[in-house]
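Colleague: I am about to look at this model, and I would like to learn how to read its features. Please give me the general idea each time, and then the case at hand.

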Amino acid sequence: QLGSTLDLERRNASIFLTFMKYYTTTKRAFGNDVLIGESPGPGTGREIWKSAEVLVWFLERMFGSGGKLLGRRVVEVGCGCAFAGLSIAKQGEVKDVMLTDIADDVIELAKISVELNSCQEICRVRKLAWGTSVDSLDGPFDLVVASDVLYYPHLFSELLVTLRGLCHANSAILLAYEKRTMHEINFFKLAAKHFACINQKIHGVGRAVDTVAESFAVYLMRPNSGADASLSFGAASCQIKTAS
């Protein structure tokens with residue numbers, strides 16, 4: 001079943017890459033316009049999902065001012081259209097942003113979005129299959145962000161391997177998702193062996209997201225071996241440390 005699904009996604013990607021049709025959406029984040037190339041169709045990752053908007057709102061709330069991201073290295077896992085990663089890049093404080101996904105068509109869209117925002121100097125786009133080596137990404141990273149990566153429960157173990165490989169002892173992970181089934185909670189049960197997983201409040205997101213706030217969740221994850229597991233991502237206490 002998985003093989004046939006991947007074959008279908010590869011065929012869709014091949015067709016997409018041949019014609020490369022997309023439209024540009026403009027979003028606001030950190031006071032900047034963020035231009036995103038979208039091409040909705042079969043498969044995932046070619047349009048902005050609502051959970052990505054929730055994640056970006058949360059990032060704005062945590063890192064809107066105060067230099068908390070100054071000089072930090074950031075990676076987006078399952079970047080899709082790369083709204084979150086590009087929002088952070090245009091915030092202007094980070095050292096670099098790595099954008100990763102698995103599908104060729106999604107990778108090409110992410111590259112288009114990087115060019116639309118003139119972020120070639122700070123952003124790189126790489127293909128990454130969860131559970132495989134992350135050595136080529138030149139990690140580890142100080143902040144890992146992801147949205148709607150809990151869509152396939154059979155990939156939870158592989159995703160966890162990837163997250164562990166991208167982190168150093170003091171890294172922070174922010175993971176947003178839409179609550180679709182009870183399977184998502186099983187991921188955090190699995191992750192608890194390696195990470196402290198803390199459910200964050202997302203009420204007051206703003207009128208566009210507030211109406212469905214109960215349908216989304218944002219988790220802060222910190223490696224058990226490193227940073228204080230009780231660390232809050234509150235505006236006054238958010239700290240991310242670079243690798244020692």
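**Reading the model**

Modeller: Strand β7 (residues 167–178) and strand β9 (residues 216–223) run antiparallel and are joined by six bridges. Two strands count as paired if DSSP finds at least two bridges between them, while helices (H or I, at least four residues) and strands (E, at least two) are DSSP runs, numbered from the N terminus. Within this pair, Ile-173 stands opposite Met-221 in β9. Please keep in mind that this is a predicted model, in which local features need pLDDT of at least 70 and side-chain atom pairs count only at pLDDT 80 or more, whereas totals for chains, interfaces and linings use all residues. Residues are numbered from 1 along each chain as its sequence is written, and side-chain values use heavy atoms, with hydrogens and water left out.

Colleague: In what order do the seven strands of the open sheet stand?

Modeller: As a general idea, strands of a sheet pair through backbone hydrogen bonds, either parallel or antiparallel. Here the order is β5-β4-β3-β6-β7-β9-β8, and the pairing is mixed. The edges are taken by β5 (123–127) and β8 (195–200), each of which has a single partner strand, so one side of each is left without a neighbour in the sheet. On average, neighbouring strands of this sheet are turned by 20 degrees against each other, direction ignored; axes are lines fitted to C-alpha atoms, for helices over the stretch in contact, and angles run from 0 to 180 degrees between N-to-C directions.

Colleague: How many residues of β6 are buried?

Modeller: A residue is called buried when its relative accessible area is under 20%, exposed when it is over 50%, and partly exposed in between (1.4 Å probe, protein chains only). Seven of the seven residues of β6 are buried, so this strand is largely enclosed by the rest of the structure. Strand β6 runs parallel to β3, to which four bridges join it, and Val-77 has Ala-146 in β6 as its bridge partner.

Colleague: Which strands does helix α4 lie across?

Modeller: Packing is read from contacts, meaning heavy atoms within 4.5 Å. Helix α4 (residues 104–116) lies across β4 (96–101) and β5, running at about 175 degrees to β5. Helix α5 (residues 156–166) also packs on the sheet, where it touches β3 (73–77), β6 (141–147), β7, β8 and β9, and its direction makes about 140 degrees with that of β7.

Colleague: Which residues of α5 are buried?

Modeller: They are Phe-156, Leu-159, Leu-160, Thr-162, Leu-163 and Leu-166. Seen down the axis of α5, these buried residues fall within an arc of 160 degrees (the arc of the directions from the helix axis to the C-beta atoms), so they line one face of the helix. They pack against β3, β6, β7, α6 (183–191), β8 and β9.

Colleague: How should I read helix α3?

Modeller: Eight of the nine residues of helix α3 (residues 83–91) are buried, so it is largely enclosed by the rest of the structure. Among the buried ones are Phe-83, Leu-86, Ile-88 and Gln-91. Just after α3, Gly-92 takes a positive phi of about 100 degrees.

Colleague: How many salt bridges does the structure hold?

Modeller: In general, side chains of opposite charge can pair when their charged atoms come close. A salt bridge is counted where a side-chain nitrogen of Lys or Arg lies within 4 Å of a carboxyl oxygen of Asp or Glu, and the structure holds ten of them. One of these joins Arg-73 and Asp-96 (3.0 Å, N to O); the pair links distant parts of the chain, with Arg-73 in strand β3 and Asp-96 in strand β4, 23 residues apart.

Colleague: Is Arg-28 buried or exposed?

Modeller: At 53% relative accessibility, Arg-28 counts as exposed. Arg-28 forms a salt bridge with Asp-33, with the closest N and O atoms 2.9 Å apart, and Asp-33 counts as partly exposed at 38%.

Colleague: What share of the 244 residues in the protein chain is buried?

Modeller: Buried residues make up 49% of them, in a chain with seven helices and nine strands.
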